[in-house]
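Hi,

Here is the structure I promised to pass along. Have a look at it first, and then read on for what turned up.

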Amino acid sequence: MAIRRTERASPDRFDYIEAVFFDVGGTLIYSELGHLDLLHEALVVIGYKVTRDMVLAANDAARRAVARRRRRHAARMDIGAASRMWLDHLAEALDLDLRGADLGRELTNAIREIETRSPEILDPDAHELLSALRDRGYRLGIISNWSADLRDYLKSFGLAKYFDAVIASEAVGTAKPHREIFLRGLTALDCRPIAAVHVGDDYWADVVGAREIGVHPVLIDRDREDVHADCTTITRLGELADLLPPKAPTGDG
């Protein structure tokens, strides 16, 4: 699919929204552990003796460094470069012997192990919110970095019935934050980027990815740990209903 230039979404304008997309893991369904706790536990699993406060300080410093670099060199810094820079600063701040791709690989494996042991929780606002948005005329979709069995997973929580499109990265061969996966969702719901909202818990994958194609991003940050002043942030999924007009536009408008 050709990548086309898109209109930049205004962060606070939700007047003409027709479709709402959701991430799954960490958004509609999440574990008891937040991002920081997952990172801390993963480092401990790898073998590092670090405290949560140490990880909090190192993570904050790494994120600030990445944010400064992105402001100065946004055109030359994609999500991969940002992730590598964050890892490098995290390793430096915590004096880790693992660096770069090796650290990234070990963290990914450790986080997967931890998540398999953590109970999955359906967001208590999910059913009420999704039902209300459908009743108000919004088209709903999923865009998630997930395996191809995502619709069956959603069915196990009673969520699949709400969605007109379910886009899983494994099924389409592309993952957030890349533009292609967002385009797949927009095409499936026949929606322009500027008329869509994407809700997710990962700033780099969900907010940056959505924004770069012109979709309005909303970050859900339940624990107030992922502070980004440049995007709309909610701390409960149900707060999304208050951001959107009572009824979705009809027709081509």
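Before the sheet, one definition: two strands pair if DSSP finds at least two bridges between them. Please also keep in mind that this is a predicted model.

**The sheet**

With that definition in hand, take strands β1 (residues 19–22) and β6 (residues 196–200), which are joined by four bridges and run parallel. Four bridges meet the cut-off of at least two, so β1 and β6 count as a pair. Within this pairing, F21 stands opposite H198 in β6. In general, the strands of a sheet pair through backbone hydrogen bonds, in either a parallel or an antiparallel way. Here the pairing is parallel, and six strands make up an open sheet in the order β5-β4-β1-β6-β7-β8. At its edges are β5 (165–168) and β8 (232–234), each of which pairs on one side only. From one strand to the next, the twist averages 20°.

**The largest pocket**

Rolling a probe the size of a water molecule over the atoms shows where empty space is left. The largest pocket holds about 2000 Å³ of space. It is lined by 49 residues, and the closest to its centre are H35, L38, I111, E115 and D202. Which elements give two or more residues to this lining? They are β2 (29–31), α1 (35–46), α2 (52–73), α3 (79–94), α4 (100–117) and α9 (203–213). The largest share, seven residues, comes from α4. Sorted by class, the lining has 20 nonpolar, 13 polar and 16 charged residues.

**Helix α9 and its ends**

D202, one of the residues closest to the pocket centre, also turns up at the start of α9: a side-chain oxygen of D202 reaches to within 2.9 Å of the backbone nitrogen of A205. Is α9 mostly covered or mostly open? It is mostly covered, with ten of its eleven residues buried. Among the buried ones are Y203, W204, A205 and D206, and R211 and I213 are buried as well. Just after α9, G214 takes a positive phi of about 100°.

Is N59 buried or exposed? Buried means under 20% relative accessible area, and N59 has 8%, so it is buried. The side chain of N59 makes a polar contact with the side chain of W86, at 2.9 Å.

How values were computed: Residues numbered from 1 in each chain as written. Predicted model: local features only at pLDDT ≥ 70, side-chain atom pairs only at ≥ 80, totals over all residues. Heavy atoms only, no water. Axes fitted to C-alpha atoms, helices over the stretch in contact; angles between N-to-C directions. 1 Å grid on protein atoms, 1.4 Å probe; cavity = no way out; pocket = protein on both sides within 12 Å on 5 of 7 lines; lining within 4 Å. Points joined across faces, edges and corners; volume = space filled by probe spheres on them. Nonpolar A, V, L, I, M, F, W, Y, C, P; charged D, E, K, R; others polar. Buried < 20%, exposed > 50% of the residue type's maximum accessible area, 1.4 Å probe, protein only. Polar contact = N/O pair within 3.5 Å; in protein donor to acceptor, adjacent residues only side chain to side chain.
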